[in-house]
Amino acid sequence: MAATKHAQAIKQDSQDYLATALLQLLATNDLANLTVTQVVKRAGVSRMAFYRNFTTLADVLTAHFEPILTARFDDVLVSVPQEQKLANLTTFFAELTPTLQLAVERGFEPVIQQIFDENMIRFYAVTMTWDGATESQQKYWTQFMTAGIYRIWREWLLTGQQESLTTIHDLIATFQTATMAALQAESRY
């Protein structure tokens, strides 16, 4: 048992070193221009350690950002009063903005968007009542809303957050309500 815990600790350390090294390199390089060799050299681990844990550099980023973003989504999406939800969103976006900016600048935005999408799909699975919508309608509505919400938040964050958070939150709520009403109207025919 002790050997297993030790092996797990070594594996976690390798993953942490690789993520730290990759993020350091991304400060001045695009993801597409980086190699596994550069990252393992910077991290001080072997190529074997890399390939024992990951297949691609994007996998390193996913492993690093997924628990962070999922925890932040959980802070926002739990059942809390509306005032607290907006405060949680403010914190979430304050922390997300530099990451999103780096992701866009350095070519790893698809990693962030995939994690965002997965969390939104999880959110809708828990919070939505479908009132007669087919499984297909549920799937496509969720995909549509998830993509739209990502683009709204992306635009708002990257253009200086000129509108209030409440305005953006209300806009998204309006889109969700209107598209769900349209879907439910279609289901009645």
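Where does Gln161 lie? Gln161 is placed in the loop between α7 and α8. The model is a predicted one, in which local features need pLDDT of at least 70 and side-chain atom pairs count only at pLDDT 80 or more, while totals for chains, interfaces and linings use all residues. Residues are numbered from 1 along each chain as its sequence is written, and side-chain values use heavy atoms, with hydrogens and water left out.

The chain holds 8 helices and 0 strands. Helices (H or I, at least four residues) and strands (E, at least two) are DSSP runs, numbered from the N terminus. From that terminus on, the order of elements is α-α-α-α-α-α-α-α. The C-alpha trace spans about 60 × 40 × 30 Å along its principal axes. Of the 189 residues in the chain, 38% are buried; buried means under 20% relative accessible area, exposed over 50%, and partly exposed in between (1.4 Å probe, protein chains only). Contact means heavy atoms within 4.5 Å. Among contacts between residues at least 6 apart in sequence, 61% join residues at least 24 apart.

The largest nonpolar core has 53 residues, and Leu18, Leu22, Phe93, Phe108 and Trp153 touch the most other members. Such a core is a set of buried Ala, Val, Leu, Ile, Met, Phe, Trp, Tyr and Cys residues joined through side-chain atoms within 4.5 Å. At least two residues of this core come from each of α1 (2-26), α2 (36-43), α3 (47-53), α4 (57-77), α5 (82-106), α6, α7 and α8 (165-188). The most come from α7, which gives 8 residues. Residues up to four places away in sequence not counted, Phe93 touches Trp153, Trp156, Leu157 and Leu165.

Two helix pairs involve α6. Helix α6 (residues 109-127) packs against helix α7 (residues 135-158) at an angle of about 130 degrees, with the axes 9 Å apart. Axes are lines fitted to C-alpha atoms, for helices over the stretch in contact, and angles run from 0 to 180 degrees between N-to-C directions. The two helices are therefore oblique to each other, given that angles under 35 degrees count as roughly parallel, over 145 as roughly antiparallel, 65 to 115 as roughly perpendicular and the rest as oblique. The crossing of α6 and α7 is right-handed; a crossing is left-handed if the near helix is turned anticlockwise from the far one by less than a right angle, and right-handed if clockwise. The residues of this contact comprise 9 nonpolar, 4 polar and 3 charged. Ala, Val, Leu, Ile, Met, Phe, Trp, Tyr, Cys and Pro count as nonpolar, Asp, Glu, Lys and Arg as charged, and the others, Gly among them, as polar.

The axes of α4 and α6 come within 9 Å and cross at roughly 35 degrees. This crossing of α4 with α6 is also right-handed. By class, the contact has 12 nonpolar, 3 polar and 3 charged residues.

Single residues complete the description. Phi of Gln161 is near 50 degrees, a positive value in a residue other than glycine, and Gln161 counts as partly exposed because its relative accessibility is 31%. Asp131, in the loop between α6 and α7, has a positive phi near 40 degrees. Asp131 counts as exposed because its relative accessibility is 59%. Ser14 is found in helix α1 and counts as buried, at 12% relative accessibility. Neighbours within four places in sequence left aside, Ser14 is in contact with Val45, Ala49 and Asn53.
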